[in-house]
Amino acid sequence: MQAFKARIKQDGLVLTTEVLKVDSFLNHQLDTQLLVQMGQEFAGYFGAQKKITKVVTVETSGIAIALTTAIALGVPVVFGRKHKSLVTDKDVYSAPVFSFTKRMMNRVTIAKKLLNQDENVLIIDDFLAHGETILGLAAIIKQAGANLVGVGVAIEKVFQGGGDKLRASGLNVYALARIKKLILPDQIEFDE
Ligand code: G4P
């Protein structure tokens with residue numbers, strides 16, 4: 001998606017050769033108009049293939065883009081929780097997710113009553129790095145017996161291999177920007 005890639009070129013900061021900072025428009029401050037366009041792009045791509053009934057993401061940074069996608073599709077969003085709250089259901093599907101970035105294990109949960117076996121689910125997230133988060137969500141969707149239609153990510157860091165791993169397992173993955181290489185200071189190579 002050209003507008004999104006242009007914004008990454010303009011405002012993305014190469015923090016290390018592994019990590020891109022996009023917190024001025026994607027995961028701290030949110031560029032609402034851009035997020036609406038990104039949601040429409042995902043909805044157009046996946047909605048043309050199958051009637052999606054639910055968008056699934058994980059807290060925190062996936063929620064905004066999952067929301068704009070779900071609005072464009074006219075369906076609800078469910079976000080996996082990483083933290084227990086006072087109102088967390090006991091009856092949940094769950095999967096362990098290892099975060100390479102944070103070097104820690106999270107257990108992601110979704111209440112069973114929010115995912116049914118007759119659903120066509122689209123996963124949306126901001127970053128695809130090693131693919132651990134998406135695999136965790138896919139495991140939860142499988143536990144529910146629902147159909148996983150595809151995976152939409154804003155930024156795929158191609159060099160970390162998650163996209164290849166997911167595609168090799170048969171998943172339909174669509175990235176709005178694919179980054180081949182991050183070079184210090186502030187050079188971003190896209191996989192066109
Ligand atoms: P993986 O799920 O694909 O295996 O990726 P990884 O463990 O590396 O990512 C863990 C967290 O770090 C995710 O957020 C992901 O969005 C974020 N992340 C990964 N690569 C980058 C990057 O290059 N830049 C930025 N800004 N974030 C990155 P999270 O733990 O779910 O955190 P949050 O959504 O609660 O903020």
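Let me start at T133, where an N or O atom in the side chain lies 2.4 Å from an oxygen atom of the ligand, a polar contact in the sense of a pair of N or O atoms within 3.5 Å, where, within protein, one must be able to donate a hydrogen and the other to accept it, and residues adjacent in sequence count only if both atoms are side-chain atoms. The protein covers 87% of the 720 Å² of accessible area that the ligand has on its own, with areas taken from the Shrake-Rupley method with a 1.4 Å probe, and, for residues, with only the protein chains shown as cover.

Please keep in mind that this is a predicted model, in which local features need pLDDT of at least 70 and side-chain atom pairs count only at pLDDT 80 or more, while totals for chains, interfaces and linings use all residues. Residues are numbered from 1 along each chain as its sequence is written, and side-chain values use heavy atoms, with hydrogens and water left out.

Backbone atoms take part too: a polar backbone atom of G131 is 2.8 Å from an oxygen atom of the ligand, and for S61 the corresponding distance to a ligand oxygen is 2.9 Å.

Which residues come nearest to the ligand? Of the 22 residues around it, they are L20, K82, T101, T133 and K157, where being around the ligand means having a heavy atom within 4 Å of it. By class, this shell has seven nonpolar, eight polar and seven charged residues; Ala, Val, Leu, Ile, Met, Phe, Trp, Tyr, Cys and Pro count as nonpolar, Asp, Glu, Lys and Arg as charged, and the others, Gly among them, as polar.

Turning to the whole chain, we have five helices and ten strands, which are DSSP runs numbered from the N terminus (helices H or I, at least four residues; strands E, at least two). Of these elements, β7 gives the most to the shell around the ligand, with three residues.

The C-alpha atoms fill a box of roughly 45 × 35 × 35 Å along the principal axes.

Finally, some backbone details deserve a careful look. A cis peptide bond with omega about 10° joins E59 and T60, and T60 has its place in the loop between β3 (54-58) and α3 (62-73). Another cis peptide bond, with omega about -5°, joins L184 and P185, the latter being found in the loop between β9 (173-183) and β10 (187-190). R103, a residue other than glycine, has a positive phi near 55°, and R103 is placed in the loop between β5 and β6 (104-111).
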